[in-house]
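User: Could you take a close look at one part of this model for me? I'd like to go through a sheet and the loops around it.
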Amino acid sequence: MSDNNLAVKVTNASVRFNMASEKIDNLKEYFVKLVKRQLMFEEFFALKGVNLEIKKGESWGIVGSNGSGKSTLLKLICGIFSPYEGSVQVNGSIAPLIELGAGFDGNLTAKENIYLNGAILGHNKKFMESQYNNIVEFAELHSFMDMPIKNYSSGMRARLGFAIATTVQPQILIVDEVLAVGDMLFRKKCEKRMQEMLSKGTTLIYVSHDHGSVKQLCDKAIWLDKGEAMMMGDVAGVSKGYEDFISDKRIKTAPKRKKEFDYLIVGAGLSGAAFAQRAAESGKKCLVLERRNHVGGNLYCESIENITVHKYGAHIFHTNDKRVWSYIRRFSDFNHYINSPIADYHGERYNLPFNMNTFAQLWGVRTPEEALAKIQEQGGEPGIKAYKQAMETAAKAYEKSLEENPEEAAETEEDCEFTAGNLEEQALGLVGRDIYEKLIKGYTEKQWGRPCAELPPEIIKRIPLRFTYDNNYFNHSFQGIPVEGYVQIIEKMLKNAEVRLNTDYFSDRKKFDSLAEKVVYTGEIDKYFNYCYGPLEYRSLRLEEDILEEQNHQGVAVINYTDRETPYTRIIEHKHFEFGRQAKTVISREYPLEWQPGEEPYYPVRDSKNTELYEQYKALADERKTVIFIGRLAQYMYYDMDRVLQEVLNLTDKEFGVFKKN
């Protein structure tokens, strides 16, 4: 075959690295050993004698396990690595998509990086200007082009990098797993563009752990293992050979299991799904039972009028925990939604949370000192004292964190906290009469179905007071709404588990328990023990949905109705969670309910009576060595989503003894 017909020719190519065989702690020790010729290295071959010929216009996939040499081969073809032995010949221009962020400067805006990345690919400024709108349109990043690239998520970087690399018709396109971080719709969009390029003669070299996309995009494949070519040829045959090898390897290395499953997980909500995902990463086999007809629990969303509707009430992800944020973003990109709700009291509108905007609307004050004095005058003196003390504590903690780790120093929210006899006394002591009467009393009594004077103070033990003009409800570093909603996150977490919908664990509990070594239970703890000490109390919700023939109903995602007379607690306009511009809108009114069997339990009533009852059930749970109780219902706690994931991550660290850094 003439080399003119080849896009890539790899001949007996090897790539060798020298790996230090001993630990060297500092630069001085390194140079001393270098001078004395005491540095010891071990040879490591990332590729060994690989031969590969790719014709122009062909599409090749490279498959293999982690560390098999796939990325090394791509970098060899791109010229990033030079062969230790053998040779590499490339005929044609290459558009490489190998590593996220390659060619990007984090301090420059996305717009500036388009020109920088274009220059790296050999395009002049005039050409990039002519293609700029096409790049932005394809990447779907119109609102973020003036944002520094360092603030982009990995998915956003992948969008921009792919859009730039495929602006022109490259002769050779190299793609290495970078699309794995993107959302599903965008991946489909990228696959369509790659297919269009293939139809026009582009040569594709593609690496992905998703065998489905490899088979869809590629005609041929090479399978690498430990740097050596095991098999090459038709993509179907190579993929089958590799998959059979992996399956056989798993069977040989998997521990013998007495029962069909390692874990039976009751509930396909966030806690159950996250446990299943972590278990699968540890090589465990899980069966998930879900009594509803969908996964996701109360995170479940549906698309109505092309609007993502939260079917069980609003769910906004927010956290300060970097580990949790990193974990959840493995499964989805998040938008930059900031929760800034409004309170409506008999038609009067106030900003939440309680901040200088609220105080200015209530009293016409302009300075923090005036607001502090007004709250103190109205009976909030204990709260003001607590707030000032919290400010001092937070300031000291912040100064200390600045000294110890300046890059990760984070401010702490200053919350008022003290304890009174009941919720009414608690609120009056914290924020004074005006805020209590207009913004707390009616809403709380509707939510809990009883007078504030009969509610325990723990319900609002802490109230954030901000003496800044800041309407961001959550004082958290990381917050937003997942692109495409929560269901696709749960589905990704559950992809390696067997899931049975419309299946009630309690319909045949004994049979289901016999299927697995351990049970992970995420339902109501009192129900698990057949209410032997009596039922725990919950509050529930009824949501009333309306599709409105208007583009914008209330101008904000959430309005709380804080008077006692309005029967619902809030109205959610779902499109604002995703900055929607659809012609219609969908709203949900939330009506609080006393929980009854058969209804969804939303909020545990954590008063002293129920807490004492829960402790009795927890004592029983602690005796069950083969049952794990996890989640808001099983632990009788009103957890935010980040707290659910904290619990699961910590639990699975102990359960599996791995993932300490994941």
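User: Which residue in strand 25 does serine 540 stand opposite?

Analyst: That's leucine 593. Before going on: this is a predicted model, where local features need pLDDT of at least 70, side-chain atom pairs count only at pLDDT 80 or more, and totals for chains, interfaces and linings use all residues. Residues are numbered from 1 along each chain as its sequence is written, and side-chain values use heavy atoms, with hydrogens and water left out.

Strands here are DSSP E runs of at least two residues and helices are H or I runs of at least four, both numbered from the N terminus. Two strands pair if DSSP finds at least two bridges between them. Strand 22 (residues 538-548) and strand 25 (residues 585-594) run antiparallel, joined by ten bridges. They belong to an open sheet of seven strands with mixed pairing, in the order 16-15-23-24-25-22-26. Strand 16 (348-351) and strand 26 (603-604) stand at the edges with a single partner strand each, so one side of each has no neighbour in the sheet.

Now the loops. Phenylalanine 579 sits in the loop between strand 24 (570-573) and strand 25. Its phi is positive, near 55°, though it isn't a glycine. Both features are worth a glance, because most residues other than glycine have a negative phi and most peptide bonds are trans. Phenylalanine 579 is partly exposed at 41% relative accessible area (buried is under 20%, exposed over 50%, partly exposed in between, with a 1.4 Å probe and protein chains only).
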